[in-house]
Amino acid sequence: MPQESDTRAGVTGHSAADAEAAERNYCGYREIVRDSFKQWYKDNRDSWSGAVTNDRVTHFTIAAAPTDKTEPGAGPARVLDIGCGRGLQTASLAEWLDADVTGLDLLDVWDTPQVAHGSTRFHQGDFLGFEAEGLDLLVDNGCLHHQRREDWAGWVEHGRKMLRPGGVWVVSVFLSPDGEITPHPLADGRLNWWLTEDLVTELYEACGFRATGRLEIDRHFEYEGHRLKYLTLSFAAV
């Protein structure tokens, strides 16, 4: 769990009580997220694992990965796959980029095929509690839109600290079909946010990123009269 919750949760106060409340609220919601996904995986309802829509995010990420790592002996690209789930995308990134890829998830549900190129490793834990530096590529395929709104800025700020200059962050979110930023909570308390491109771009640009690419992906799913899509964006650290 994060150790600097007063800033990561976006709390404006500076008292010990403020920090304690922020930590408690953050950890409480994180337990909801973990328990929710634990049940979905237990019931084999993780339809996103191995889905064609997920593959399209992976292919977009491979194309968006930085190619300016030219130092002799620098070794393979270093990648962090946030919310990696079963680790299928983690393996694909290692193979296609010949990269050293870390899969990070709240749950240890990874069931990853062997890779012939690159390498994979896995870490169970919370993104805001994970530390690294000098990464070439961050991938957030479906995590930002499950966070509390007050944690969005801290989420992006934390990732920016781990990326090298010129590194790339690819993020895929639920695209709002009506132009409104709205939460759609599940019965178990986990949030599903519908986000706009303007909102996501503003979040990243405020933390020192430059937008470099976009892709809309049809989810082939209708809800309350809307045909829903994913929005996948790439940003370079400047």
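Me: At roughly what angle do the axes of helix α5 and helix α6 cross?
Reply: This is a predicted model. Helix α5 covers residues 152-162 and helix α6 covers residues 197-205. Their axes come within 9 Å. They cross at roughly 50 degrees.

Me: Are α5 and α6 parallel or oblique to each other?
Reply: Angles under 35 degrees count as roughly parallel, and 65 to 115 as roughly perpendicular. The axes of α5 and α6 cross at roughly 50 degrees. The two helices are therefore oblique.

Me: Which residues in α6 meet α5?
Reply: From α5, the contact uses W152, A153 and V156. The residues of this contact divide into six nonpolar, no polar and no charged. On the α6 side they are L199, L203 and Y204.

Me: Which residues are closest to the centre of the largest pocket?
Reply: About 1200 Å³ of space lies in the largest pocket. Its lining has 49 residues. The closest to the centre are F37, W48, H145, H146 and F174.

Me: Which element gives the largest share of the lining of the largest pocket?
Reply: The lining residues divide into 24 nonpolar, 18 polar and seven charged. The largest share, five residues, comes from α2.

Key: Residues numbered from 1 in each chain as written. Predicted model: local features only at pLDDT ≥ 70, side-chain atom pairs only at ≥ 80, totals over all residues. Heavy atoms only, no water. 1 Å grid on protein atoms, 1.4 Å probe; cavity = no way out; pocket = protein on both sides within 12 Å on 5 of 7 lines; lining within 4 Å. Points joined across faces, edges and corners; volume = space filled by probe spheres on them. Helix = DSSP H or I, 4+ residues; strand = E, 2+ residues; numbered from the N terminus. Nonpolar A, V, L, I, M, F, W, Y, C, P; charged D, E, K, R; others polar. Axes fitted to C-alpha atoms, helices over the stretch in contact; angles between N-to-C directions. Parallel < 35°, antiparallel > 145°, perpendicular 65-115°, else oblique. Contact = heavy atoms within 4.5 Å.
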